Every structure is written in structure tokens, then in C-alpha cells.
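Please read them alongside the structure shown here.

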Amino acid sequence: MIDCDPQQAQQGIYVSGKFDLHTRGEKPYAAISEAYGEICRHAIMRDMKDNNKDLKLYLQEKISKELDTVEQCMLSDLIPDLEEIIIITTETNHNEISNTHSIEAMNERVKYAFRVLTKVFCDYFAQLVVVLDDLQWADVATLDLLETLLNDPNNSHNPLLMIGCYRSN
């Protein structure tokens, strides 16, 4: 996609994710996780390319300010590339997270965490374009998350454009 150079923050970023018929229901949030992972990889590549840690530190600071350790851990499970940006403490036991929260409570925390992450990305990039392909294969949890992100009043002024593509055969 687009290289993340110093002027890119002013220009924006384009990322994409694709749903898959064969993993439908097995891996919720797959396409969104893929797209957001791409943003993380851009941030990591930019910092390595520029030989500084400005973007990574900016994202680290904003995410840790808004999300607790459990929410950060949930996001890192869904977006493995995020672990290169945020600091997950070893005290957070992934099994503990799944055992102490109901499924409904966990889904609400995931939605909140994605809302925060979207805002952090939008605060940095002048424009954020997320293309999600094959929406006909999306799972219910992802559709619920998309509805939350698109209807979030806190994101109404963010430079976010989400494009969904689907086939109707």
C-alpha cells in the first residue's frame, strides 16, 4: 500500500481487509483486524525507516491512556501487529480475561477498544480510508462493530472513510 513517510500523516493512509467464507464465524473481526494490522505495520515501518520512534511512541501513549491492560490485551489478540506498538505486561493472563468476563461484556469492551483505536489513528492521519471486501461473509460480531464505529458520535468529526464491498449472488 502507501509508505508511511513524514508527510503521510498529512496525506492520509489507505488500508484494506477481506472477509473469507471459510473462516466465517471462526475468527470474528478478521477483516477489520487485518486492516488495522496494516496500519500498525505502516507505523512500525515508518519508525524503522526514519530511525526514530515518534509515531510508535505517539500511538503507545494515546492507546495506553485510553485503554486498560485488559482492553489492550484483547486488541493485541485480534491485531497481533499491535503488540509491536503497545506494551503488554506479563501480568495480564489471556486466560484470565476470557474467564472473568461474560461474552456480552467482552464484546462491549472490544467495541470500545476499537472505537478508541480508530480515534487514535484518525487523530494522527489526516485521512484514514478502510476498505472491507466481501462483506457478504462478515460475521455478526463484525457487523455489530462496524455499526458501532460508523454511528459513534465521537468519530463524527474524524477523517474516517469506510468502504464496504459485497456480492449479491
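1. Asp81 and its partner. Asp81 counts as partly exposed at 23% relative accessibility, where partly exposed is the range between buried (under 20% relative accessible area) and exposed (over 50%), with a 1.4 Å probe and protein chains only. Asp81 forms a salt bridge with Arg41, the closest N and O atoms being 2.4 Å apart; the term denotes a side-chain nitrogen of Lys or Arg within 4 Å of a carboxyl oxygen of Asp or Glu. Because Arg41 lies in helix α2 and Asp81 in the loop between α4 and α5 (94–100), the pair ties together parts that are 40 residues apart in sequence. Arg41 is partly exposed, with a relative accessible area of 36%.

2. Basis of the model. This is a predicted model, in which local features need pLDDT of at least 70 and side-chain atom pairs count only at pLDDT 80 or more, while totals for chains, interfaces and linings use all residues. Residues are numbered from 1 along each chain as its sequence is written, and side-chain values use heavy atoms, with hydrogens and water left out. Helices (H or I, at least four residues) and strands (E, at least two) are DSSP runs numbered from the N terminus.

3. Arg109 lies in helix α6 (residues 103–124) and is buried, with a relative accessible area of 17%. Its side chain makes a polar contact with that of Asp68 at 2.4 Å; such a contact is a pair of N or O atoms within 3.5 Å and, within protein, one must be able to donate a hydrogen and the other to accept it, residues adjacent in sequence counting only if both atoms are side-chain atoms. Arg109 also forms a salt bridge with Glu71, the closest N and O atoms being 3.5 Å apart. As Glu71 belongs to helix α4, this pair ties together parts that are 38 residues apart in sequence. At the start of α4, a side-chain oxygen of Asp68 reaches to within 3.1 Å of the backbone nitrogen of Val70. Of the 10 residues of α4 (residues 69–78), 7 are buried, so the helix is largely enclosed by the rest of the structure; among them are Glu71, Cys73 and Leu78.

4. Aromatic pairs. The structure holds 5 aromatic pairs, counted where rings of Phe, Tyr and Trp (its six-membered ring) have centres within 6.5 Å; planes under 30 degrees apart are stacked, over 60 edge-to-face and the rest tilted. Tyr36 and Phe114 form an edge-to-face pair, 5.6 Å centre to centre with 70° between the planes. Tyr36 lies in helix α2 (residues 30–50) and Phe114 in helix α6, so parts 78 residues apart in sequence are tied together. Both Tyr36 and Phe114 are buried. Tyr58 and Tyr124 form a tilted pair, 5.5 Å centre to centre with 50° between the planes. Ring pairs link Tyr29, Tyr36, Phe114 and Phe121 into a cluster.

5. The sheet. An open sheet of 3 strands has the order β1-β2-β3, with parallel pairing; strands pair if DSSP finds at least two bridges between them. Strands β1 (13–18) and β3 (160–164) stand at the edges, each with a single partner strand, so one side of each is left without a neighbour in the sheet. Strand β2 (residues 128–133) is joined to β3 by 5 bridges, including those that pair Val130 with Met162 and Val129 with Leu161.
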